[in-house]
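Please read them alongside the sequence and the model.

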Amino acid sequence: MNFIDRWERSKFGRFGVPNLMKYVIAINGAGLLLGLMNPSFYFQYLSLDFNAIFHGQIWRLFTFMLCPSAFSSGNEFINLFWFLIWAQVYYMIGTNLERMWGTFRFTLFYFSGVLEIILVTLIFYLFMLSGDVLPAYVIGINLGMGVSFVYLNQTLFLMFALLFPDTQFLVYFVIPVKAKWMAALYLVLTGYDLVQALYYGVYYAVALIGVSLINLVLFLWLAKGAASPRQAVRRRKRRVEFQYKAQPKTSGLRHRCAICGRTEADAPDLDFRYCSKCEGNFEYCSEHLFTHEHVRHD
């Protein structure tokens, strides 16, 4: 059992957020509307400014996620248009990652990226406590918040491309491009941004780019195969029959997942299906229907 498996099976497993991508899109949408109505309000009262946080404005540790500058192009119609496209694409990416990993792993992956943004900003603040440098810190934070969420969201796409490299996206609604080639382009552009940030001495942006990529690599390392569909199937292969046979039937319940053991009483929002490729009557929830190892009586 790997590190993340142990966390999921412990008391931490209940902290997974089902349908997390819906909330992420809603937060981004609220931030966009806030930016269109009054962008200065975010920077004055909601941004991740530790100088204000240490003076009692604790809510900024949460409200900074309402960043309005992630979709800032100077044109309201273009902002709304690209947000709708972004929401559709990233909802598909997020729900597929959650369906394959499970709710807990996907929640852990996303919020570990958010936590790293907070830690980088705190470190940046601690190194700029002198009075003559502190204004530069505030300006850097305000300019960097939108960039931070751009790179955090890009790690979702990079992870998706690693897992489903041959998935095709229609660039400009016409040109079919596989996810692996778009991921390669993302990495090239990210490298260019990193070189530019180093050249101009924008070290906060350098740190944000770095932690977004570190979060991707760190999760892959901690998961030790949990992020791979093939490895996820292999990990569960030897547990499928035992778990299904060992779990007692609960009176009045019609469905039980052969992998995680959840029933319709535990998770009313889950769908349950029998697998036609398994030999025997094995039923799975929607999170494990496509990732389980098919049971064969060889």
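1. The buried residues of helix H2 are Leu20, Met21, Val24, Ile25, Asn28, Gly29, Gly31, Leu32, Leu34 and Gly35. Buried stands for a relative accessible area under 20%, exposed for over 50%, and partly exposed for values in between, with a 1.4 Å probe and protein chains only. Helix H2 covers residues 20-37, which makes 18 residues, and reaches 26 Å from its first C-alpha to its last, close to the 26 Å expected at 1.5 Å a residue. The expected span is 1.5 Å times one less than the number of residues in the helix. Helices (H or I, at least four residues) and strands (E, at least two) are DSSP runs, numbered from the N terminus.

2. On the basis of these points: this is a predicted model, in which local features need pLDDT of at least 70 and side-chain atom pairs count only at pLDDT 80 or more, while totals for chains, interfaces and linings use all residues. Residues are numbered from 1 along each chain as its sequence is written, and side-chain values use heavy atoms, with hydrogens and water left out.

3. How many salt bridges does the count come to? There are two salt bridges, the rule being a side-chain nitrogen of Lys or Arg within 4 Å of a carboxyl oxygen of Asp or Glu. Side chains of opposite charge can pair when their charged atoms come close.

4. Lys178 forms a salt bridge with Asp166, and their closest N and O atoms are 3.8 Å apart. Lys178 lies in strand E2 (residues 175-178) and Asp166 in the loop between H8 and strand E1 (168-171), so this pair ties together parts that are 12 residues apart in sequence. Lys178 is partly exposed at 29% relative accessibility, and Asp166 is partly exposed at 47%.

5. Asp166 also meets the side chain of Lys180 in a salt bridge, at 3.5 Å from N to O. This pair links distant parts of the chain, with Lys180 in helix H9 (residues 179-200) and Asp166 in the loop between H8 and E1, 14 residues apart. Lys180 has 34% relative accessibility and counts as partly exposed.

6. Rings of Phe, Tyr and Trp (its six-membered ring) pair if their centres lie within 6.5 Å; planes under 30 degrees apart count as stacked, over 60 as edge-to-face and the rest as tilted. Phe83 and Trp86 are three residues apart in helix H6 (residues 76-101), so they are separated by about one helical turn. Phe83 is buried, at a relative accessible area of 10%, and Trp86 is buried at 11%.

7. The rings of Phe157 and Tyr186 have centres 5.0 Å apart and planes at 55°, so this pair is tilted. Phe157 lies in helix H8 and Tyr186 in helix H9, so the pair ties together parts that are 29 residues apart in sequence. Phe157 is buried, with a relative accessible area of 2%, whereas Tyr186 is partly exposed at 22%. Ring pairs link Phe157, Phe160, Phe164, Phe169 and Tyr186 into a cluster.

8. Val150 is found in helix H8 (residues 134-163). Val150 is partly exposed, with a relative accessible area of 32%. Its C-alpha atom is separated by 9.9 Å from that of Leu208, 58 residues apart along the chain.
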